[in-house]
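Please open the structure in your viewer and keep the sequence panel beside it. The stops below say what to select next and what is there.

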Amino acid sequence: MSLQLTLLGWSASGLRCPDHQVNLCPENNTTPYPVTLVQMPNGTGKTTTLNMLRATLSGAAREWNSQKIREFQRSGDSTKSGQFVVRLGMDDKLLTFELNLDFIQGKVTYRTSSSHGSGIRDGFLPPLEIKKFLNPEFVNLFVFDGELANRLLNPKQTRARDAIDSLFQLLLLKKAADYFQDNWERHAQNSSSKSTQGLTRRRNNLNRLKTKRDKIKRERDAVQIQQSQLKLGIQDAEQDYDQALGKDKNIGTRLQTIKVQLDQAEKVVEREVEKTTEKMRDPQRVIPGLAASLINLKANLDHLKLPTSTSKEFFEELAEAPECVCGRQMDDMTRQAVRDRAKQYLGEDEVGVLNRIKSDIADYCGGNPEQYHQDLQEQLQGLQKLIRKRDEFKTELHSLEEERLKQGDSELEAKKQHLDQLREQLDQCNQRLQEIERSPHSKPSEDTDCLKELEFLITKAEEDVAEVTHTLTLKRKTEIIRRILNQAHQQAREELRKIMIEETNQRITQLLSRDPVWLEDIQDSLKLQGRGGASVGQTLSVSYAFLATLFNRSKHQLPFIVDSPAGALDLNVRPEVARLVPQLGKQFVAFTISSERQSFVDSLHQAAQGNVQYLTLFRKTSPIDALWQNSDSNQLTETVDGVMVTGKEFFERFDLDEEL
C-alpha cells in the first residue's frame with residue numbers, strides 16, 4: 001500500500017524566529033507547490049525554524065531539558081510560552097502536530113489532531129502508517145541540511161542501511177520472525193511440567209532477562225535521541241561561543257585564522273590515518289624481515305618444484321581403472337602400489353593453496369623486500385609530524401581562548417561552561433552506548449548491560465524452558481524459520497544496496513561530471529570509493545544523489561526539506577543540482593539566503609516548469625523597512641515582529657546576507 005505524505009504548512013509564535021504562518025499550497029487548493037523556496041536572511045531564525053520542524057515532526061522535544069527549551073525563547077522578550085504547529089497531508093487526511101513550549105517551567109507538550117481521527121488529542125501520536133517515518137533518525141533524512149551530508153558519510157553519526165530498511169519495509173520480515181517467537185512462547189507458557197518448581201525458576205530467570213533486555217533497549221533508544229539532540233545543541237553552543245570569542249577584534253581575527261588552519265590540519269591527519277591504517281593491514285609492512293622470509297619461502301618452493309603438476313587425485317583415480325596408462329592390466333598388487341605412492345603427492349586443494357601462496361608472495365612482496373617495512377615507518381613518521389602540527393594549532397587556539405577568558409567576560413564564561421557541559425554529557429552518552437552495543441564476551445555474566453550478551457543469555461534460558469516444557473522441537477523449528485526470515489532480510493537488503501549504489505552513481509555522474517566521486521558501499525554510512533573524504537560540494541551532491549535514489553525507489557512519497565540547498569556548491573555545479581531537485585520527490589521545500597540564488601534559482605525554475613512558490617521571510621528592523629513597505633498588500637503578511645512577502649520579483653531583488 002502506497003502512502004503520500006506532504007507538508008502543507010507551519011506556523012510559529014513566541015519563538016526566536018519571527019512570528020509567521022506559511023502555507024505551501026496555492027489558494028483554494030490542498031495540493032502543495034512541487035517546489036517552495038523560503039528566503040530567510042541570517043539572523044532571522046532559519047535554524048530555529050528548521051529545529052522546530054524536526055522536533056514537531058519527530059517528537060524529539062520530549063527529551064529536551066529545561067535549558068534546551070528556554071534556548072528557543074525570543075531574546076529580550078518576556079514571552080512565557082512558544083508554539084510551533086505543522087500541518088501535513090496524509091493521502092486525503094489532514095494531520096496536525098502542535099508543539100507547545102513553556103519557558104517558565106521549562107517543559108514541552110504535544111497535541112495531535114486528524115481530520116479523520118478523534119479530534120485533538122494530547123501527546124505526539126502519529127498514525128500507525130507513518131509512525132516509522134516520524135522519528136528523529138528518519139526525519140533528519142527528509143528535513144536535510146549540510147550537516148546531514150557530512151553525517152551520511154560518517155559511520156558514527158548515521159545508519160544509512162536503517163533508512164533503507166524503514167523506507168522499503170524490510171522490518172516486516174523481522175516482525176514475522178517475532179511472531180513465530182511469540183507462538184513458541186505461548187506454547188511454552190501453556191505447557192506443564194512434572195517439576196513445577198524447576199519450571200517456575202526457569203521461567204522467572206527468562207522473564208527477568210527479557211525485562212532487563214527491554215529496559216536496556218529503551219535506555220539505548222533514549223540515549224540515542226539524547227545524543228542526537230546534544231550534537232545539535234553543541235553545534236548551536238559552538239556558534240554562540242565562537243561569536244562571543246570574536247567580539248575582541250584582535251583576538252577574533254587570529255582565532256578565525258587558527259580555526260581554519262586547525263580544521264585543515266585535522267582533515268589532513270584524518271586522511272593520513274586512513275592511509276596508514278590501510279598499510280598496516282599488510283603484515284610484511286609491520287614485521288621487519290617478513291617480506292624477505294616470504295620471498296625465501298617462495299624460492300624454496302620453486303627449488304623443490306612444489307606444487308607438482310600431478311596431484312594425489314590422479315593416482316587415486318588410476319588405482320580404480322582397469323588398466324594402467326601404459327596399457328598394462330591392473331591387479332590388486334599394482335593397485336595397492338599406486339595407492340601407496342599417491343600419498344607422496346599433494347591433493348588438488350593443497351596444490352591450489354600452495355599456488356595461491358606463491359602468487360600472493362609475488363604480488364605483495366616483489367621488488368625490494370626491505371622497502372615495505374621502511375615505507376610504513378616513513379608513513380608513521382610523516383603522520384607524527386602532521387599530528388604535532390595539528391596539536392600546535394590546538395595549543396595556540398587554547399592559549400587564545402584562555403587569553404580571551406582572562407578578560408573577565410561573564411557572558412563568554414557562561415557560554416564556555418554551557419558548551420563544556422554539553423560535551424561532557426555527549427561523552428557520557430557515547431560511553432553508555434559503547435557499553436550497550438559492544439561485542440559480547442565469551443562467558444557473559446547475568447549482570448551485563450551489553451545487548452548482545454543478554455540475547456545470548458536469553459537464548460540459553462529459552463532452551464532451558466523448552467526442555468522442561470517439552471517444547472524443544474517447536475523451539476528448534478522456530479529457530480529455523482527465524483533464521484530463514486533473517487537471511488531473507490539480509491538478502492533483500494543486499495540486493496537493494498547494490499541497486500542503490502548503481503543508481504546513486506548514475507546520478508552522481510550527472511551532478512559531478514567535471515570531478516565525479518563514486519559511491520563504493522552503503523553500510524552504516526555512505527562510503528566513497530578510493531578516498532576518505534570529499535569537498536563540501538561533492539559531499540552535498542553525493543548526499544542529494546543518495547536521497548533522491550532512496551526516495552524515488554520507494555512507493556511512499558515524502559516531502560524533501562533542505563537548508564541551504566546550494567550554499568556549499570560551486571557555481572558550475574549549482575545548475576546540475578537545480579535540475580535534479582524536481583526529481584527528488586513530489587515536494588521540495590528549501591530554506592535559502594540571497595547569495596545562493598546565483599546559478600541555482602533560474603535553473604530550478606526552468607526544471608520545475610515555473611511551478612515554484614517564492615517566499616521571503618525577515619524580521620522587522622528599521623534598516624530594511626524600505627524594502628517592503630511599498631510591496632503589494634496582497635503579497636505581504638505582517639506580524640508583530642516579522643514580514644513575509646510572496647512572489648519571485650521580491651525574492652530576487654531582496655539582497656541581505658548580513659546578520660540582522
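Is E652 buried, partly exposed or exposed? Select E652 to begin: with a relative accessible area of 34%, E652 is partly exposed, where buried means under 20% relative accessible area, exposed over 50%, and partly exposed in between, using a 1.4 Å probe and protein chains only. The model on your screen is a predicted one, in which local features need pLDDT of at least 70 and side-chain atom pairs count only at pLDDT 80 or more, while totals for chains, interfaces and linings use all residues. Residues are numbered from 1 along each chain as its sequence is written, and side-chain values use heavy atoms, with hydrogens and water left out.

E652 belongs to helix α22 (residues 648–653); helices (H or I, at least four residues) and strands (E, at least two) are DSSP runs, numbered from the N terminus. Show the side chains of E652 and K648, which are joined by a polar contact of 2.7 Å. A polar contact is a pair of N or O atoms within 3.5 Å; within protein, one must be able to donate a hydrogen and the other to accept it, and residues adjacent in sequence count only if both atoms are side-chain atoms. Not counting residues up to four places away in sequence, E652 touches R597, V601 and D602, contact being heavy atoms within 4.5 Å.

R597 counts as buried, at 13% relative accessibility, and its side chain reaches the backbone oxygen of F654 at 2.6 Å. Beyond residues up to four places away in sequence, R597 touches Q39, R574, F651, E652, F654 and D655.

Now select helix α6 (residues 171–190), whose 20 residues reach 29 Å from the first C-alpha to the last, close to the 28 Å expected at 1.5 Å a residue; the expected span is 1.5 Å times one less than the number of residues. Colour A177, Q181, W184 and A188, the buried residues of α6. Seen down the axis of α6, these buried residues fall within an arc of 55 degrees, so they line one face of the helix; the arc is that of the directions from the helix axis to the C-beta atoms. The face turned away from that buried side carries the exposed residues K175, Y179, Q189 and N190.

From there, go to E462 in helix α16 (residues 451–468), a residue that is buried with a relative accessible area of 5%. Leaving aside neighbours within four places in sequence, E462 is in contact with residues including Q181, W184, K210 and E479.

Select strands β5 (residues 93–102) and β6 (residues 107–114), which run antiparallel and are joined by 8 bridges; two strands pair if DSSP finds at least two bridges between them. Here L99 stands opposite Y110 in β6. β5 and β6 form a hairpin with 4 residues between them, and G106 in the turn has a positive phi of about 70 degrees.

**The nonpolar core**

Finish with W10, L101 and L550, which touch the most other members of the largest nonpolar core, a set of 92 residues. A nonpolar core is a set of buried Ala, Val, Leu, Ile, Met, Phe, Trp, Tyr and Cys residues joined through side-chain atoms within 4.5 Å. Helix α18 (residues 536–553) gives the largest share of this core, 9 residues.
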